[in-house]
Amino acid sequence: GTAGRPWAILARVDHPDPAVAAELALADLTGGANGLSLAVAGSPVARGFGVAIDTDRDMAACLDGVLLDLIHVRFEPHAEPAASARRFAALCARRGHDATRLNVSFGFDPIGTHSASRDKQTWPETGRQLATSIGELRADGFAGPFITCDGRPASEAGASDAQELAWLLASGVAYGRALCAHGFTVADAYGCLSWTLAIDADQFLGIAKLRALRRLWRRVEAASGV
């Protein structure tokens with residue numbers, strides 16, 4: 001559905017102090033970025049840094065002055081994405097934003113975070129919580145995507161490009177089944193997904209990997225009756 005749309009430039013926000021993070025984010029947006037990628041403290045991709053968003057006030061400070069209805073906001077996967085999502089939704093409500101018009105990727109990725117943290121929570125319980133959190137956000141009017149199928153944990157563990165694609169496909173199918181087990185249709189479940197791939201300096205192989213994922217996931221959708 002996004003083919004033909006221009007690329008977005010998302011500035012990484014990872015300064016631990018929310019107020020300083022807001023200043024840096026505004027500088028990046030003024031400098032040409034049209035979106036923000038929030039690396040929340042505790043996220044594996046924060047690399048030991050990450051903006052501390054522990055309260056509603058932290059969320060407001062981190063996005064102070066940012067015109068949320070004009071940019072794309074992306075949350076990097078971390079251990080408690082539902083808490084960040086609730087705080088972001090509350091901030092949007094206080095500012096009077098129409099959630100249906102906002103461009104937000106919430107970054108739920110329990111498979112990726114569990115692989116990094118060795119969390120002992122069972123998958124059925126994880127799926128239930130995931131479906132509940134997405135249901136609440138959809139009730140508020142957000143369209144998603146809500147889940148990020150993230151290939152970076154596999155890539156950083158030494159996976160080849162083909163193995164990373166296999167990880168992504170398996171993650172997407174697992175998330176789809178988890179949501180369908182809690183009342184989602186297959187189409188609705190797959191509509192909640194977004195994708196993140198590791199792309200290095202070999203740009204031509206990277207482009208090929210992006211194209212391969214599109215074709216492979218199209219096969220999965222066809223096999224699922226979508």
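Exposed means over 50% relative accessible area, buried under 20%, and partly exposed in between (1.4 Å probe, protein chains only). The model is predicted: local features need pLDDT of at least 70, side-chain atom pairs count only at pLDDT 80 or more, and totals for chains, interfaces and linings use all residues. Residues are numbered from 1 along each chain as its sequence is written, and side-chain values use heavy atoms, without hydrogens and water.

Helices (H or I, at least four residues) and strands (E, at least two) are DSSP runs, numbered from the N terminus. Helix α1 covers residues 18–30. Its 13 residues should span 18 Å at 1.5 Å a residue, and the end C-alpha atoms are 18 Å apart, so the two values agree. The expected span is 1.5 Å times one less than the number of residues.

P18, A21, A22, A25 and L29 are the buried residues of α1. They lie on the same side of α1, because they cover an arc of only 100 degrees around the axis. That arc is taken from the directions from the helix axis to the C-beta atoms. These buried residues pack against β1 (10–13), β2 (35–38) and α2 (56–62). Contact here means heavy atoms within 4.5 Å.

Both ends of the helix were examined. At the start of α1, a side-chain oxygen of D17 comes to within 2.9 Å of the backbone nitrogen of A19. After α1 comes G32, with a positive phi near 130 degrees.

L70 sits in the loop between α2 and β3 (72–75). L70 counts as exposed because its relative accessibility is 62%.

Methods:
A polar contact is a pair of N or O atoms within 3.5 Å; within protein, one must be able to donate a hydrogen and the other to accept it, and residues adjacent in sequence count only if both atoms are side-chain atoms.
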